Amino acid sequence: MVAGWQTTPPLDNAAAGGWALVRGPQGFLADANGVLFPRDWLKRQDWPISAEHGLGQFDGQPVWLLQVEQPVELPGGFWQGLRQFMLQADYPTFRMLSFAEQVAHWDINHHFCGRCGSRNRLVPGERCLRCPECGLDSYARISPSMIVLVTRGDEVLLARSPRFVSGVYSTLAGFVEPGESAEECVVREVREEVGIEVGRLQYLGSQGWPFPHSLMLGFHAEYVSGEIVPQADEIEDARWFPIDRLPPLPMSRSIARYLIDLYVARRLGQPEPELLR
């Protein structure tokens, strides 16, 4: 039996049994026992289930996603968003929920064909929605983006977006443009967001970021030249921080925190952290 979460090809919706997640406008349904419910029991409830997707296996047991278009009530149950689960749940559970979230967004946003407007149909055995009229296939979207820690000796460059939790500073990030390499994106985004030039890029790892469908490619870059000029409307504040006087940082499971912790550990000769996968 495989422990934890394992993504698999789409499960057969005609199969009986297994576990299910329930996702609606307010997030995922949970109770005192967690987020997994007996699938056959859920499907007997008088709930407005709009879609069902076979996701994979948790501890060797099959798991489906049930989508509801409006909140449902369950005695002892509550709804919670993915960010709260990221802070509270064990990592295998969060991985399962993050995958389910991305499948849910794909399903919601591709009910109809983007070319001719016909109603799409799920392709058996594939994670694909196909138009029965013009044949256009729609797969789950993944948006590649870079995230980078810029350093200058014992200083790291951290910034604040107006969207961040109050007081928290993080690394710089941005989406890859069409025709652009991840390395070119790093240089461009740093220039645009804080007005400085960087070099000696090193790729350090990646993390799926389901808010809603990013793949974060993590880099370290060294400062080359320039003065910090925050990008209007994007960066609220940006500054150099000594590694022994860091501000409040992103959550420990994020790749942003990993990039920071890894650099600090290397400068201080401490054990290096591992990026959760």
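Before the details, some ground rules. The model is predicted, so to speak plainly about confidence: local features need pLDDT of at least 70, side-chain atom pairs count only at pLDDT 80 or more, and totals for chains, interfaces and linings use all residues. Residues are numbered from 1 along each chain as its sequence is written, and side-chain values use heavy atoms, with hydrogens and water left out.

I start with the domains. The chain is assigned domain 1 (5-110) and domain 2 (143-268); such bounds come from an automatic or database domain assignment. Their C-alpha centres are 32 Å apart. Across the two, 13 residues of domain 1 are in contact with 9 residues of domain 2, where contact means heavy atoms within 4.5 Å.

Next, the inside. A nonpolar core is a set of buried Ala, Val, Leu, Ile, Met, Phe, Trp, Tyr and Cys residues joined through side-chain atoms within 4.5 Å. Buried means under 20% relative accessible area, exposed means over 50%, and partly exposed is in between, using a 1.4 Å probe and protein chains only. The largest core has 44 residues, and Leu21 and Leu55 touch the most other members. Helix H3 (residues 91-109) gives the largest share of this core, 9 residues. Helices here are DSSP runs of H or I with at least four residues, strands are runs of E with at least two, and both are numbered from the N terminus. Each of domain 1 (5-110) and domain 2 (143-268) supplies at least three residues to this core. A second, separate core has 19 residues, including Val150 and Trp240.

What does leucine 21 contact, leaving aside neighbours within four places in sequence? Its partners include Phe28, Leu55, Trp64, Met96 and Ala100.

Now the annotated sites. UniProt positions are given in the numbering used here, with feature names shortened, and the annotations may be inferred rather than shown by experiment. An unreviewed UniProt entry lists Glu189, Glu193 and Glu234 under "binding site". These residues span 46 residues in sequence, yet no two of their C-alpha atoms are more than 11.3 Å apart, so they gather at one spot. Glu189, Glu193 and Glu234 are also part of the lining of the largest pocket. A pocket is found on a 1 Å grid over the protein atoms alone: it is an open set of points where a 1.4 Å probe fits, with protein on both sides within 12 Å along at least five of seven lines, and lining residues have an atom within 4 Å of a point.

Take two of these glutamates. Glutamate 189 is in helix H4 (residues 182-194) and is buried, at 9% relative accessibility. Not counting residues up to four places away in sequence, glutamate 189 touches Met146, Ala173, Gly174 and Phe175. Glutamate 234 sits in the loop between strand S15 (214-225) and strand S16 (237-242) and is partly exposed, at 31%. With the exclusion of residues up to four places away, glutamate 234 touches Arg160, Ser161, Pro162 and Arg163.

The unreviewed entry also marks residues 174-195 as "short sequence motif: Nudix box". That span is 59% helix and 9% strand, and its end C-alpha atoms lie 14 Å apart.

There is another "binding site" list in UniProt, again unreviewed, and among its positions are Arg83, Gly208, Trp209 and Ala256. That set covers 174 residues of sequence and is also spread in space, up to 32.7 Å between C-alpha atoms. From it, the lining of the largest pocket takes in residues including Arg83, Trp209 and Ala256.

Is tryptophan 209 buried or exposed? Tryptophan 209 is buried, with a relative accessible area of 18%, and is found in strand S14. Leaving aside neighbours within four places in sequence, tryptophan 209 is in contact with Arg83, Met86, Ser214, Met216 and Ser254.

Last, the cysteines. A disulfide is a covalent bond between the sulfur atoms of two cysteines; here a pair counts when the sulfur atoms are within 2.5 Å. The structure holds 0 disulfides. For cysteine 116, the nearest cysteine sulfur is that of cysteine 131, 3.5 Å away. The sulfur of cysteine 134 is 3.6 Å from its closest cysteine sulfur, in cysteine 113, which is too far for a bond. Cysteine 116 is partly exposed at 41% relative accessible area, and cysteine 134 is partly exposed at 31%.
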